[in-house]
Amino acid sequence: MTTTYPAIDELKAQARRLREAMNDRGAPMTHSAALEMIARQHGARDWNTLAALAAKTSAAAKTRLFVGAHVRGRYLNQPFTGEILALSALPGGDLHRITIHFDEPVDVVTFESFSAFRRRVNAQIDADGVSPRKTSNGVPHLVLDL
């Protein structure tokens, strides 16, 4: 999966907002520490790595997947919209780990007699935004509309 990142200015603005929020809560944070935390949130080892990744332009990316991005798709064949809370590359580079918080709970049970709702899921996705894990009838657990 080719991941695109927000522009450097947006990443720095995220770090500034984080630093201000921490300072407001009485936990002072340096700007460099905030930059490092933003890098981790985007799945990078450190700020320098994230800055280099963000500077690269990627025409191959189908959509911008980054922490905070709003996405839509199907989870256990149920439609959803939600926000990406975490995104990181897995070793080998073919898969990514993603955490999505749904805007509305998704019923993950297909029986009519009862329901089970989920608000947040952790999954792995490939370059096409499709989970390699499948249900017993062969439907991928997670499919993002990229």
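Helices (H or I, at least four residues) and strands (E, at least two) are DSSP runs, numbered from the N terminus. This is a predicted model, where local features need pLDDT of at least 70 and side-chain atom pairs count only at pLDDT 80 or more, while totals for chains, interfaces and linings use all residues. Residues are numbered from 1 along each chain as its sequence is written, and side-chain values use heavy atoms, with hydrogens and water left out.

Start with S131. This residue sits in the loop between β4 (117-125) and β5 (142-144). Its relative accessibility is 3%, so S131 counts as buried. Buried means under 20% relative accessible area, exposed over 50%, and partly exposed in between (1.4 Å probe, protein chains only). A polar atom of the S131 side chain lies 3.5 Å from the backbone oxygen of Q124. Leaving aside residues up to four places away in sequence, S131 touches Q124, I125, P140, H141 and L142. Contact here means heavy atoms within 4.5 Å.

Now turn to the helices. Two packed helices are described by the angle between their axes and the distance between the axes. Helix α1 spans residues 8-24, and helix α2 spans residues 31-41. They pack at an angle of about 120°, with their axes 8 Å apart. Axes are lines fitted to C-alpha atoms, for helices over the stretch in contact, and angles run from 0 to 180 degrees between N-to-C directions. On the α1 side, the contact is made by L11, K12, Q14, A15, R16, L18 and R19. From α2 come H31, A34, L35, M37 and I38.

Next comes H42, in the loop between α2 and α3. At 6% relative accessibility, H42 is buried. Its side chain makes a polar contact with the side chain of Q14, at 3.1 Å. A polar contact is a pair of N or O atoms within 3.5 Å; within protein, one must be able to donate a hydrogen and the other to accept it, and residues adjacent in sequence count only if both atoms are side-chain atoms. Among the residues that H42 touches are L11, L50 and F66.

Finish with α3, residues 47-55. D46 caps its N-terminal end: a side-chain oxygen lies 3.3 Å from the backbone nitrogen of N48. Which residues of α3 are buried? They are W47, L50, A51 and A54. Seen down the axis of α3, the buried residues fall within an arc of 100°, so they line one face of the helix. That arc is taken from the directions from the helix axis to the C-beta atoms. These buried residues pack against α1 and α2. A52 also lies in α3, but A52 is partly exposed, with a relative accessible area of 44%.
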